[in-house]
Amino acid sequence: MSPVLQTRGFNTRRTFDVVCAAAGLLVLSPLFAVVALMILLSDGRPVLFSQMRTGRYGSPFRIWKFRTMRPGAAGTTITAAGDSRVTATGARLRKFKLDELPQLFNVLRGEMSLVGPRPEVPEYVDRQSRIWQAVLQVPPGITDVASLLYRDEEALLGTASDPDRFYRETLLPAKLCLSLAYLSTRSLWRDVRLILLTIHSSLSPGRLNPGRVRRAFDLGA
C-alpha cells in the first residue's frame with residue numbers, strides 16, 4: 001500500500017466510526033421512523049433500497065438507502081436532475097441527503113466508514129487503474145470532500161448530452177483525484193471537520209461554500 005494512503009490509527013478510526021454510527025442510529029431513530037412513514041404513505045413499499053457496491057480491496061457489499069425511486073423503474077445506475085424515476089418524496093429526501101442515513105448500518109457492519117471515498121457500483125470501477133487501486137485501499141465512506149464539492153452532481157449530469165459518458169470520463173476521475181488528495185493529509189480531526197461540514201450542508205443545502213471546503217482541506221482554489 002502506498003505510504004500516502006496508509007490509514008494511520010485505523011483501530012482508533014474504527015472505534016470512532018462504531019461509536020458515532022451507534023449514537024447516530026439511536027438519536028436519529030425518530031427521524032428514521034418519520035422518513036419510513038413518509039415513503040410508505042406516499043409511495044408504498046419497500047421503504048429501503050439496496051444495491052451492490054465495491055468496497056475496500058474490491059470486496060463487494062450491499063449498500064442501503066431509503067428508497068427514492070419508483071420500484072422496478074428501468075434506467076441507468078446514475079441519476080441526473082429531472083429523472084422521472086425519482087418520486088416526489090424521494091426528491092425531498094435527496095435534497096437533504098436523508099436517503100443516505102441507513103448507511104450507518106453499513107458502518108456498524110464494517111463495510112463502510114463515516115468518511116471515505118464514496119463506494120461505486122462495480123461497472124464504474126476499473127481495478128486495473130492505478131488510481132482505483134489506491135482508492136480501494138481504504139474503506140468507502142458516507143461522505144468525503146468529493147461528496148461535498150459535487151453535492152449538486154445530479155444537476156451537473158442533467159446538463160450533459162450523455163450523462164453516463166460525462167460521469168465516466170469527467171466527473172468520476174475528478175472525484176477520485178479529490179479523494180486521493182484528502183487521504184494524503186487525512187487525520188481524525190479532519191474527518192470530524194468533514195462530518196460537521198456534511199451535516200451543515202445537509203441542513204442548509206444552499207449555503208455550502210465550495211471555496212471554504214477547499215481551503216479547509218488544502219485542496220487549492
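Which residue just after H3 takes a positive phi? In this predicted model, local features need pLDDT of at least 70 and side-chain atom pairs count only at pLDDT 80 or more, whereas totals for chains, interfaces and linings use all residues. Residues are numbered from 1 along each chain as its sequence is written, and side-chain values use heavy atoms, with hydrogens and water left out.

The residue in question is Lys-97, with a phi of about 60°. Helices (H or I, at least four residues) and strands (E, at least two) are DSSP runs numbered from the N terminus. Helix H3 spans residues 88-95, and its buried residues are Thr-89, Gly-90, Leu-93 and Arg-94. Viewed down the axis of H3, these buried residues fall within an arc of 135°, so they line one face of the helix; the arc is that of the directions from the helix axis to the C-beta atoms. Buried denotes under 20% relative accessible area, exposed over 50%, and partly exposed in between (1.4 Å probe, protein chains only). The buried residues of H3 pack against helix H2 (29-43), strand S2 (60-66) and helix H7 (153-158), contact being defined as heavy atoms within 4.5 Å.

Aromatic side chains form 4 pairs in the structure. Rings of Phe, Tyr and Trp (its six-membered ring) pair if their centres lie within 6.5 Å; planes under 30 degrees apart count as stacked, over 60 as edge-to-face and the rest as tilted. Phe-32, Phe-66 and Phe-105 are linked into a cluster by ring pairs.
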